[in-house]
Structure formats: structure tokens, C-alpha cells
Amino acid sequence: MTDLRADHLPPSGAPVRLWGRALKSRSLVLGAALTLIFVLAALVSFLWTPFDVTGIDIANKIKGPSARNPLGTDHFGRDILSMIMVGARVSIAVAFVAVGIGMAFGVPLGLWAAARKGSLLDEVIMRGNDLVFAFPSLVIAILITAIFGPSAVNAIVAIGIFNIPVFARLTRSGALTLWQKDYVLAARVAGKGAARISVEHILPNVTNLLIVQGTIQFSLGILAEAGLSYVGLGAQPPTPSWGRMLAESQTMISFAPHMALFPGLAILLTVLGLNLMGDGLRDLFDPKLRGRS
Amino acid sequence: MTNRFTTVGLAGGLIFGASVAFAQQADITIGQQLEPPHLDPTSAAAGAIDQVVYSNIFEGLTRFGPDGSVGPGLARSWDVSEDGLTYTFHLAEGVKFHDGTTMDAEDVVFSLNRARAEDSANAQKALFAGITDVVATDAATVTVTLSNPDGAFPFKMAWGDAVIVAPESIDGIKTTPIGTGAFMFDNWVEGDRIELKKNPEYWGEPAMLDAVTFKFISDPTAAFASMMAEDVDVFAAFPAPENLPQFDADPRFKVLVGSTEGETILAINNKQAPFDNVKVREAVAHAINRQEIIDGAQFGYGTPIGTHFAPHNPDYVDLTGQSGYDPEKAKMLLEEAGVTLPLKVKMTLPPPSYARRGGEIIAAQLRQVGIEAQIENVEWAQWLEGTFRGKDYALTIVSHTEPMDINIYARPDYYFQYDNADFQALIAKIDVESDPAARSEMFKQAQQVIADDYVNAYLFQLPLITVAKAGVEGLWENAPTQAADMTAVHWAE
């Protein structure tokens, strides 16, 4: 088993082969394309949107898709396409930073726990993780934003905290197998300390795992942000957010379905894209797992 | 477990429904958004309490009619002395509380003394402030002595806060209210519903329904769904005006649009810089386009107002022109006031859709003149604590649903912190004036004063939107006070 995982250290010719395989993977290409569309939409929104998203134009409220507003207008006459573009910015930013928080705290904790396997410290870290896992994340996120006030920043923190145990566990389990490797043994014999081995030998070899998990957590982060915004605890108006667009269109769904449909599709496609990309990346980095899930 | 009970209940309901299918339906389910915190109208300001108990469970000496007029309640008639200082109320005879005890003059004395006592928890103590003495002359006669003549005393006694309660049952009033009304309290499933049943020994015209259920549905989408599914027969103060065209088009339902006493205002903290400057407040008023708010937030349902007074009141003065939409003027005023733009302020918004949606529109309108209003959405509890009691806000939107409440501007410690000695003197004068013409004149004057001082930005009068099944009759179309008076409600033949 151990020697089969040698592909964690690809030989020098590997990047070319990796790209070739990547382009052949349908789920990876499709997932990356979907993700890219929304990332681009978010980036473009900084420079240009078809309409001003904070501009209220009551005379044009609740119009279906037209040449002027390709995705129609909402109950304040705002352009839904523009709102989805700016909303992508919020969703992506929240999910990105939340994953960042999860990695920044979770990975070192996981490495640390693995380096001191079986010690009291390992127990404390891992049981601490279990404790965080034991709480329903969205409920705690609601609690945090309810106490500190609803805002995008608090949503990021709330979602980020629940990413920490995910990355800590993943890193620890990945690192534990690596600690058995001969090259780690060699490094220890050479006199390197646990911290240095963790950074120089363990971390580079769990990166693939982290990228795959990061992609999945990213999609969960987008869902969580949409959920918090939906209950009014995410980004505050007038900043558009997909979840709040859904919440606001709720009572109008019977006569203006486009108001709920498009933000709903945006959430669906982004999450789908990220999940496909995550699957594709996992297959790519770890071909043995292809076809399993 | 719960599921099984529901199923049993459902089956029971079906059997029951089948057996009485040929008889006249005699029960009704009313949906409303807010659940009352408890059921004592004499010790809390929450309008949801009156919505359930007013005139159904509890009655006062006088009562509001559907048109806002004040008529006899437990007091069938009253005399006023020459000097206007003594009111003699003649009580209805043979009235019994729901627990079987007799309602007599002693209960009236108890109720009024309890409400005006030093340690009274009554939310409207001002109603009783003029009383110096309450005496039970005999079992059916009560004499009230006032410190000053007060033509509005019968009006004050019609409020839900002035209902008659019994010393025997006062301890349990919050959970098992015992009144004299045509309905008696039956059951309260917290978080879901309150059930009332007909009082078979009612002293007056008996209720036409056997049972009334108040169901609490806070979410507008759920309100729409429950109405459409006919889970509720009536929805009082329907929260989603955007759905009304659908109900209108559906022959199963009817939509009643009436007036309320709810002046919806953009309240301004008059003590907080730069809003302590009247010019800045005037600028805010001119930056606001009322029609856009009514169309955008209320889907057209609402009457613009220019002062804190209900437009259906005969004394109302239309002052909307004085604070008309004029963004250029607003910018000029801000410049005159020496405000550095953009001016960043906080706007706190409670949950109702008029506030949440109206707030977003107002924020966009204020942005046009250089005021950046940062929206903070809060729940009612937070709003009451932080904004209303704590006065920690700059701007907020709320509807003031009490009738004739312009006197709140005479309270310098009220949350908008408006402190004008002349206005306070004027309200004090109105309080002691009993000549209707003079009162009317002074009310008009008061409306002008607060409009001139631009205390708040006055937006619109909140409509009362009731959605009901087509066969329901006898509902109040207007809301002269917060109430869902069920005593005359019945199903059409």
C-alpha cells in the first residue's frame, strides 16, 4: 500500500502528462468552465455591469427577460443580470476567504497533531475538532451573525470556523501515512525536527488532497453564504447577494418566476461546477480512485 | 409521536367535517403574523394582544366601532356633569365574567385604579392620567372624577388598554384571560394558535360563530400558501401586497383594503448630529419620493402623508406638498447646513416588509442627494431594545398604529427625541380642552408644527389589507384600533 502512493512525488516529466489528462477529463473541463464563467462575471463586475445594482427604478419593476434586461428586473426595477454578477463577487469572496481561514488554521493544526500522534496534544486538537463538528454549522453561523450583527464579514468568519476541522482532519490523516515513509525516516535520521519535516516533506505531499477538498469546501461555502443571506444574515442591502435575491423573490414566485429562477440557477451552476472540478481534480491527482467516490 | 397525533386529529376533523357539512359553518380560522407575548392587554404595548382579545374576550366601558366611532360598551350610557369634570357611567346589568363571577361597579373601580396606579404596567398610562377619583356609587353606577374637563374621555376608555378586568382572575390574566366578551379563551398552543369559543352566557348580542382560532404565521410566503390552501379563512393585515392581484382574481377569496391608524414614518433621531439641525431633516424629507416608496414597497397600497395624522380623520391637514420630492432643494439644504458629503448614517430596519423594502428604496433615494444610509436589518426584539428604548439609531422606519397619537411628539424622551416646549404646551392645552371646534383647530396646528420642524419624514398611511374567503361577512374593513373583532363575523348563507 505504502509504495503505491509514490505518485505523490511525480517525476519531472509529470506536468505535461497532467495537463494532457486534465483536458481529457470531462468533469474537470466542464466544472472548470462553469467556475470560470462565474469568476469572470465577478471580475468583470468590478469594471462594468449592464446597470447600476443600487439604482432603483420602480417604473421598470418585475419585468421578464427582454433585450434591455436579459434576465429581467426585480421588484425594485434593478437589473437581475447585474445583480447576479455583483452577487457572484460576494459569494466567491465569502467562500474563498472562508476556505482560506479553514486552511490557515486547519492545516497547521492537522500537521501538528500528526507530528505528535498519540500525544495529549493530538487528543486535544482532534477532540476539539470533533466538538466543532458536533454542532450543526449553519445554526452556529446564524448564532454568530445574530450576536455580532449581520454582515458579509461575520458570515465569512462563521463559515470559516467550520472549515477548520475539515482541513485539520484531512491534513492529519494524510500526514499520518506520510510519516511512515522512508524519506521521512531519512529526514529524521538526518536530524531534522518535526516542524521542519512537516513543512518540507509532509505539506507538499498533502497539497493535492487539500486542493481537492478546498474545491469542495468552496462550493459548500457558496451554499452556506447563500443560506445565510437567505435568512438575512449575509451581506446587507444594497449589496446584492444570491441568497437574498431568492428570499426576496419568494412571495412573487407565482407571477415573477424569473426573479427566483436566475439567482437559483447561479447558485446551482456554481456549486455544480465546483463539485465537478473537485471530482475531476481528485481523479487527476489520484487515478486509483477514479470511478469511486 | 407528534405525527400520530396530527393524523388522528386530521381524521377526526374529516369525520366532524362530514357530519356537519349540511349545517352552517360556525367556526373560523384567522391568520395573523405576530403571536402575542401574553394575553393581558392592560400591561403591554404589543398590538398582537389586542388583535386577539379586544372586544372578543375583554370589553371596556366604551368601545370602538368598525368606523372608529366610540359607542357604549359595558357602560350602556353615561352622563357628564356641567363642569365636564364628572362622568357617571351606567353599567349593563347581569354581566358575568367567563369564570361566572359578576361584573359590577367594583370591578370597574378595580380596573381603572389598577391602570392608573403608581406601579401600573399599563402601556398607555396617559389615558388614565386625568382621573382623580373612581367611585362605585351603586352596583351598576360608576362615577369618575377628572382633574380637568376632557371631551375625549369616552374615547380613551374605548382603548384595549382600558378594558375591565376582575380582581378574582387578575393573577392568571396573561395565560388564561377572563373577561366579559362574547368569546371566551379556550386554548393556546404556543407558537401556533389560540382558540376561543363562544360565551353562551354573553350579556349582549351573542356571537354568531361557535369558535374562533387565531393562527400565527409570520412568514409572508407561508401566509400566502396557507391562504391559497384554505388552511385559514381570513388573514388579517396580510403581509405581502404583491400577492393581492392573485387573490382578487380568484373567486374563492375577497380582498378588503381599509385604513389603519398606522402612520408609517422614517423616524429621525433629533438629538443625533447632524439631524439635530432642522435643515438636514428638511433635506431628508425633500430627498424622499413617497410615491416611489408606496409603489415599490407596498405595490401601490398606501396614502401619502405629510404629517403624523391619519388622512381619514376629519381634522387631517394635507401637508405633503410642504415636503414634496425635490432632490435639488435637498442638496441645497445640506450645503446650507454645512454637512460634508457623503454623509454616512445608519438606518435600522425592523422586519415588516414596508420597512425592509421601503428602507432599501429610501437608501437609494438618499444616495442621490449624498446621504449614504447603511442598512441594518434587525428583529423586533432588537429594534425595541436598541432603537426604541436605547435610542441608538439615526434613521429607522416604523408604523405608529395607535389612534390619535400625535401627542407622542410632546414626549421629549420618546425615541425620536423631539423636544419643543411650544408643542408640549399645545398638546397640554388640547388635553384639557373639551370644545370640539377648538380641539380640531389645535390638532391642525399641532400637525403644522411637527411638519414645519421636519421631526420625521412622513411616508404613508399603512393600509389594512385583509384577505378572506368570499363567504366571510362582518369583518372590520378599517382598523380604528388594533383589533380583530369577531363578534359580528359570520358565514354567508
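These legends walk through several close-up views of a predicted model.

Local features here need pLDDT of at least 70 and side-chain atom pairs count only at pLDDT 80 or more, while totals for chains, interfaces and linings use all residues. Residues are numbered from 1 along each chain as its sequence is written, chains are lettered from A and ligands numbered from 1 in the order in which they are written, and side-chain values use heavy atoms, with hydrogens and water left out.

**View 1. Chain A is built from 10 helices and 0 strands.**
Helices (H or I, at least four residues) and strands (E, at least two) are DSSP runs, numbered from the N terminus. Following the sequence of chain A gives the pattern α-α-α-α-α-α-α-α-α-α. Its C-alpha trace spans about 75 × 45 × 35 Å along the principal axes. Of the 293 residues in chain A, 48% count as buried; the term buried means under 20% relative accessible area, exposed means over 50%, and partly exposed lies in between (1.4 Å probe, protein chains only). Chain A exposes about 14100 Å², with carbon and sulfur atoms supplying 72% of that area. Such accessible areas come from the Shrake-Rupley method with a 1.4 Å probe, and for residues only the protein chains shown count as cover. Among contacts in chain A with a separation of 6 or more, 71% come from residues 24 or more positions apart; a contact means heavy atoms within 4.5 Å.

**View 2. UniProt marks three spans of chain A as "transmembrane region".**
The record, an unreviewed entry, puts this feature at residues 27-48, 90-111 and 259-278 of chain A. UniProt positions are given in the numbering used here, feature names are shortened, and annotations may be inferred rather than shown by experiment. In the model, residues 27-48 of chain A are 95% helix and 0% strand, with end C-alpha atoms 31 Å apart. Residues 90-111 of chain A are 100% helix and 0% strand, and there the end C-alpha atoms lie 31 Å apart.

**View 3. A nonpolar surface patch of about 800 Å² includes A:Phe46.**
Patches are made of residues with over 30% relative accessible area and no salt bridge; like charges are joined within 9 Å, and nonpolar side chains (Val, Leu, Ile, Met, Phe, Trp, Tyr) within 5 Å. A:Phe46 sits in helix H2 (residues 26-47) of chain A. Its relative accessibility is 56%, so A:Phe46 counts as exposed.

**View 4. A network of salt bridges links A:Asp74, A:Arg78, A:Arg244, A:Glu248 and B:Glu360.**
Side chains of opposite charge can pair when their charged atoms come close. For a salt bridge, a side-chain nitrogen of Lys or Arg must be within 4 Å of a carboxyl oxygen of Asp or Glu. Over all chains, the structure holds 29 salt bridges.

**View 5. Two salt bridges in chain B: B:Asp150 with B:Lys156, and B:Glu385 with B:Arg389.**
The closest N and O atoms of B:Asp150 and B:Lys156 are 2.8 Å apart, and both of these residues are buried. For B:Glu385 and B:Arg389 the closest N and O atoms are 3.0 Å apart. B:Glu385 and B:Arg389 are separated by about one helical turn because they stand 4 residues apart in helix H11 (residues 380-389) of chain B.

**View 6. In chain B, strand E10 (residues 211-216) pairs with E1 (residues 27-32) and with E9 (residues 193-198).**
Two strands pair if DSSP finds at least two bridges between them. E1 and E10 of chain B run parallel, joined by 6 bridges, whereas E9 and E10 of chain B are antiparallel over 5 bridges. B:Ala211 in E10 stands opposite B:Asp27, and B:Ala211 is also the bridge partner of B:Lys197.

**View 7. B:Ser169 and B:Ala182 lie in the loop between H4 and E8 of chain B.**
This loop runs between helix H4 (153-157) and strand E8 (183-189). B:Ser169 counts as buried at 11% relative accessibility, and B:Ala182 counts as buried at 0%. Leaving out residues up to four places away in sequence, B:Ser169 touches B:Asp99 and B:Ile178. With that exclusion, the residues touched by B:Ala182 include B:Ser55, B:Asn56, B:Lys197, B:Tyr202 and B:Thr487. B:Ala182 and B:Pro200 are 18 residues apart in sequence and 7.9 Å apart in space, C-alpha to C-alpha.
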